[in-house]
Amino acid sequence: MLSWLGAMYFNLVLLFPMYQSRGGNTYAELMQTQGTRAAPLLYLLIALTMISGFGLAWQSGLAINNHWAQIKLSCLILMLACHLYGSLVIWPRVFFALDHEKPRLFFIYKISMLCSASAGTIAVVLSYLK
């Protein structure tokens with residue numbers, strides 16, 4: 001999960017602003033290239049996060065009726081939903097959007113990734129506080 005979060009924060013804090021500073025079509029081209037190359041790794045990280053999380057919960061005997069487990073599961077579902085929305089709904093639109101529409105779509109994509117990263121951060125913090 002930390003790798004997944006790290007990738008999202010790295011993109012949000014460093015890559016996306018750097019791409020945006022280039023402006024115009026260069027920004028759109030860089031975002032599309034980065035998203036296309038990173039997608040397989042991110043989906044691998046999603047699968048590893050879910051498998052390891054459920055495996056650890058099962059191994060520790062953590063019941064789903066546990067309050068902390070429900071909050072962490074909710075955070076994971078929110079994280080996954082925001083990520084999938086950004087990747088499977090917004091991102092494909094970028095490829096077919098007109099140049100003047102792309103900045104708005106990239107902004108919505110960044111917001112979905114920020115929500116995903118925030119939910120994941122809350123889940124990690126709750127894991128350590130438990």
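Q32 touches W91, V94, F95 and K102, leaving aside residues up to four places away in sequence; contact here means heavy atoms within 4.5 Å. The model is predicted: local features need pLDDT of at least 70, side-chain atom pairs count only at pLDDT 80 or more, and totals for chains, interfaces and linings use all residues. Residues are numbered from 1 along each chain as its sequence is written, and side-chain values use heavy atoms, with hydrogens and water left out.

**Around Q32**

- Q32 sits in helix α2 (residues 24–59). Helices are DSSP runs of H or I with at least four residues, strands are runs of E with at least two, and both are numbered from the N terminus.
- Q32 is buried, with a relative accessible area of 13%. Buried means under 20% relative accessible area, exposed means over 50%, and partly exposed lies in between (1.4 Å probe, protein chains only).
- Q32 and F95 are 63 residues apart in sequence. In space, their C-alpha atoms are 7.5 Å apart.

**Aromatic residues**

- The structure holds two aromatic pairs. Rings of Phe, Tyr and Trp (its six-membered ring) pair if their centres lie within 6.5 Å; planes under 30 degrees apart count as stacked, over 60 as edge-to-face and the rest as tilted.
- The ring centres of W91 and F106 are 6.0 Å apart and the planes stand at 50°, so this pair is tilted.
- W91 belongs to helix α3 (residues 67–96) and F106 to helix α4; the two residues are 15 residues apart, and their pair links distant parts of the chain.
- W91 and F106 are both buried.
- W91 also forms a tilted pair with Y109, at 4.7 Å centre to centre and 50° between the planes.
- W91 is in helix α3 and Y109 in helix α4, so this pair ties together parts 18 residues apart in sequence.
- W91 has a relative accessible area of 8%. Y109 is buried too, with a relative accessible area of 8%.
- W91, F106 and Y109 form one aromatic cluster.

**Helix α1 against α4**

- Helix α1 (residues 2–22) and helix α4 (residues 102–129) pack at an angle of about 150°, with axes 9 Å apart. Axes are lines fitted to C-alpha atoms, for helices over the stretch in contact, and angles run from 0 to 180 degrees between N-to-C directions.
- The crossing of α1 and α4 is left-handed. That term applies if the near helix is turned anticlockwise from the far one by less than a right angle; clockwise is right-handed.
- From α1, the residues in contact include L2, W4, L5 and M8. Among their partners in α4 are Y109, M113, L114 and A117.
- The residues of this contact divide into 12 nonpolar, five polar and one charged. Ala, Val, Leu, Ile, Met, Phe, Trp, Tyr, Cys and Pro count as nonpolar, Asp, Glu, Lys and Arg as charged, and the others, Gly among them, as polar.

**Helix α1 against α3**

- The axes of α1 and α3 come within 13 Å and cross at roughly 45°.
- That makes α1 oblique to α3. Angles under 35 degrees count as roughly parallel, over 145 as roughly antiparallel, 65 to 115 as roughly perpendicular and the rest as oblique.
- The crossing of α1 and α3 is left-handed.
- W4, L5 and M8 of α1 meet L76, M79, L80 and H83 of α3.
- These residues divide into six nonpolar, one polar and no charged.

**Whole chain**

- The protein chain has four helices and zero strands.
- Its C-alpha trace spans about 50 × 25 × 20 Å along the principal axes.
- Buried residues make up 35% of the 130 residues.
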